[in-house]
Amino acid sequence: MTITIALPSKGRMKDDASAIFEKAGLKIVAVGNERSYRGRVEGLDDVEIAFLSASEISREIGNGSIDFGVTGEDLIREGLSEADARVEFCARLGFGHADVVVAVPEIWLDVDTMADLGDVAADFRARHGRRLAIATKYWRLTQQFFSSQHGIQLYRIVESLGATEGAPASGSADIIVDITSTGSTLKANHLKILSDGIMLRSEACLVRARKAEHAGDPLVAKIIEAVQGAVA
Amino acid sequence: MPLINLPAFAADLLADFEQLGTLRVDTPVIQPAEPFLDMAGEDLRRRIFMTESETGKSLCLRPEFTIPVCLRHIETATGTPQRYSYLGEIFRQRREGANEFYQAGIEDLGETDVASADARAISDAIAILTARLPGRKLDVTLGDQSVFEAVVAACGLPAGWQKRLIHAFGNPAQIDTLLTRLSSPQPVTGLSAEIEALLTSGDEATLIAHLDETMEATGYSTNASRSPREIAARLKEKRALEKTALDGRTLSVLREFLSLNMPLADAPAALFAFAEKSGLTLDGALSRFDARVAALGNAGVDAHALTYRAAFGRPLDYYTGMVFEIVIEGSPAVLAGGGRFDRLMTLLGAKERIPAVGFALWLDRMEQALAKPQGEAPQ
């Protein structure tokens, strides 16, 4: 059986992922020219490498059309319902760090925790004639965090596909849920992270689609073991 | 539309509704999604079927009937009181079971005799289920948010805490987290020296002016979202409460209240005894509770057969008082759920406050219950 591993197709993520695989003894070589979207692992004929965008990897691993993928935990958890039942997080790879956070305007001096935000949300409609608006591209994570973990129901999500951190100042939303690695973009936009507002500490992970045929396959076990060994 | 997948008892159900003097209404299957998300919250989004119109308007397949029936009432400017009934398909994303199924129910809008209207909703639901599911033993559970509201008010809790507790009512895990959190002081930290000084001086006008200036300087509009005044007021409130914590006695009073669970017939006396023992004045809430139990008696419902559970509520913003649900003894499947939602009509745009109470029947679960031999609890 051929095992397909999807790796990020460009940028730092691609280089970092290749480096980890090489360290794991799974040296990746491109098929054809340097910019090809297919590759293989030196010495392992039964492994195919597909270079995909990070969000495609999350989708393909969800529908099982690839066996392994390297992508951000945030994209997996946002892209798939019941992620843990569908994929196995085999190894955390130590790069691509980003936190998914709840950030509010710095000037909201009275709002420091999710409980504070819950108070503000509960009153929002009475005061402003509309629900508290959250700009984000993380619909699923936001709903889980606000509704299930903190019991906050009274808010509306405003979809934001770029420059989310500008939404509160521009008036298109009140607060945001977004990823941040250093926090400097938030600071530049006069936003602060709530003290209990870190929803997910994400990083690049090796994930496996949970497929029945993987059971007892020595190649699957070998790949997991090798990558785990490289980051240990 | 000829519907051939209707449950066999649908015609009888419609006859029941007619006999109860309700006006049968229908609503479009395709509904604007906005009111549902606005009323029930974002969490609903992943449980309904949404689509978009060509012009970008969010639409959904009708996920329930209460909001469409109420909107229809407002749009047609029908006078009150008015009792509506409905029977039709609703659509929800469920992990298990079908995604489309029938619901029927009654919405009673504008009846000002609250106790009788509450009692009638419960007795109608019981009567219909008894007629359609002969021989099954029904379990009816009733709760009342307004009693909880009276308890937290009588405990003399700060207004902000009362709101938080009421908001969490009906969600046991959240109530528990909240009670634990309120039991320890919540210091206000992270303020700059300048803000601290303004807050300590009590000079609210200068504090507001300062917030206003900062917002201007950082490019934040002062009227698009929370205003400087609102932020300053809440900051002041937090500072005033930062050394306060829920005392052990109040905590045990609240916990005791939330653990009350008894036959409804015993509840008025038990609530009275609880109030007296705890030194709380709950007169208004208790007399309204009492009046409802009496009205149930007048409607021919045996209150000994109903259960009152003090912690039972629906954590939805617009439910204001009594809620109830009915199952077949020993089964977890809710066959009927209802309650009072006095806040919904104005939230949906009604000009005046319209008291409202209603219930919905899950016809698919009734069918499943009918398919089981009598005396055997459905799974």
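## Ground rules and chain A

Helices (H or I, at least four residues) and strands (E, at least two) are DSSP runs, numbered from the N terminus. By that count, chain A has nine helices and 12 strands. This is a predicted model, where local features need pLDDT of at least 70, side-chain atom pairs count only at pLDDT 80 or more, and totals for chains, interfaces and linings use all residues. Residues are numbered from 1 along each chain as its sequence is written, while chains are lettered from A and ligands numbered from 1 in the order in which they are written.

The C-alpha trace of chain A spans about 65 × 35 × 30 Å along its principal axes. Of its 232 residues, 44% are buried (20 or more other C-beta atoms within 10 Å of the residue's own, with C-beta atoms placed from the backbone). Take contacts (C-beta atoms, placed from the backbone, within 7 Å) between residues at least 6 apart in sequence: in chain A, 68% of them join residues at least 24 apart.

## Chain B domains

Bounds here come from an automatic or database domain assignment. Domain 1 of chain B is 1-113 + 121-132 + 343-379, and domain 2 is 193-241. Their centres, taken over C-alpha atoms, are 45 Å apart.

## Nonpolar cores

A nonpolar core is a set of buried Ala, Val, Leu, Ile, Met, Phe, Trp, Tyr and Cys residues joined through C-beta atoms within 7 Å. The largest has 91 residues, and among those touching the most other members are Phe36(B), Ile326(B) and Leu335(B). Helix 4 of chain B (residues 114-132) gives the most to this core, eight residues.

A second, separate core of 44 residues includes Leu132(A), Ala133(A), Tyr155(A) and Leu198(B).

How values were computed: A residue is buried if 20 or more other C-beta atoms lie within 10 Å of its own, exposed if 12 or fewer, and partly exposed in between; C-beta atoms are placed from the backbone. Two residues are in contact if their C-beta atoms, placed from the backbone, lie within 7 Å.
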